[in-house]
Amino acid sequence: MRIDIISVVPELMHSPFAGSIMKRAQQAALVEIHFHNLRDYTSNAYKQVDDYPYGGGAGMVLMVEPIDKCISALKAARDYDAVIYMTPDGDVLNQQAANKLSLLNNVIVLCGHYKGVDQRVRDLFVTHEISIGDYVLSGGELAAAVLCDSIIRLIPGVLGNETSALTDSFQDGLLAPPVYTRPAAYKGHKVPEILTSGNTPKVDAWREEQALKSTQEKRPDLLE
Ligand code: 6GU
C-alpha cells in the first residue's frame, strides 16, 4: 500500500510514523508513506495556501489551486483508489471502515487546517470524508496519523502472529478481554487460575466470556 499525505504542517506527523508498528511496516516495504507540503504546490511568491472565506467570518480556508496541483501531480504518476479528506464532519472512523481501507493499494489523505478546505476541493477530488470522533482538533494531521495507524496494522504481514489484529478489541464486535503477565501473584493480587491452567479450550472460553462481560459493562451500545 502507498499512502500520500497532503498537509500544510506535515512535520506534525513525522514521529507517529517513525517508531513501532508503522516504522516496521515501512521498513518491511509493506507500506510507503509520502508526505507532501501544500506550500510546495503554490504558484504565488508568498507560498500562500489559504485565504479569507467569501462571505466573511472567522478563520482561513485552504485554497483549491495548490490542492488541485498536488493531487493532480500524484494522479499523473499512478492511479488512486481513494482520496480521503480528514474533517470533523466526515464519517466517524470505526474498525469496519479501517478493515475496508486496508485493502486498497494507493490512497491520498488530505489534511484540513484552519477552517478547512474550499468546498470545491471536496466536490471535485474527495472520495471519502473521515472524522476520528466527535470533538474538534486543530487540523487533520493527528487524525490522519490515527487513521493510518488503524489501517497499516491490518495489512497482512505487518503484525506478527503473536500480535494478530484478529484478537483486537472491536474486530469481532466485542472489547478485548483482560490480559495478565508475570508474576502470577503481585502484592497478593492473583492472576485468574484458568490462565495458568494450561487448558487452552477453557482459556478460550474464559476470554470469550470476559470479552462479553467487559462489552456489556463498558460499551453496551456495541451489543445492540
Ligand atoms: Cl479528521 N479533523 C479535525 N480537525 N478535527 C477532528 C477530526 C478531523 N476528527 C475529529 N476531530
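Predicted model: local features only at pLDDT ≥ 70, side-chain atom pairs only at ≥ 80, totals over all residues.
**Entry 1, ligand shell.** I listed the residues surrounding the ligand. They are Met 86, Thr 87, Pro 88, Ile 130, Ser 131, Ile 132, Gly 133, Tyr 135, Leu 137, Gly 139, Gly 140 and Ala 143. By class I get seven nonpolar, five polar and no charged residues in this shell.

I looked up which atoms face ligand nitrogen. A polar backbone atom of Tyr 135 is 2.5 Å from a nitrogen atom of the ligand. For Leu 137, a polar backbone atom is 3.0 Å from a ligand nitrogen. Ser 131 takes part through its side chain, where a polar atom lies 3.4 Å from a nitrogen atom of the ligand. I then checked the area: the ligand taken alone exposes 290 Å², and the protein buries 96% of that.

**Entry 3, elements at the site.** I noted that two elements give two or more residues to the shell, β5 (82–92) and β7 (128–131). The most comes from β5, with three residues.

I turned to Ser 7, which is found in strand β1 (residues 2–7). Is Ser 7 buried or exposed? I record Ser 7 as buried because its relative accessible area is 0%, and buried means under 20%. The side chain of Ser 7 reaches the backbone nitrogen of Val 9 at 2.8 Å. Leaving out residues up to four places away in sequence, I find that Ser 7 touches Met 13, His 36, Asn 37, Leu 38, Cys 111 and Glu 141.

Notes. Residues numbered from 1 in each chain as written. Heavy atoms only, no water. Near = heavy atom within 4 Å. Polar contact = N/O pair within 3.5 Å; in protein donor to acceptor, adjacent residues only side chain to side chain. Areas by Shrake-Rupley, 256 points an atom, 1.4 Å probe, with all protein chains shown as cover. Helix = DSSP H or I, 4+ residues; strand = E, 2+ residues; numbered from the N terminus. Nonpolar A, V, L, I, M, F, W, Y, C, P; charged D, E, K, R; others polar. Buried < 20%, exposed > 50% of the residue type's maximum accessible area, 1.4 Å probe, protein only. Contact = heavy atoms within 4.5 Å.
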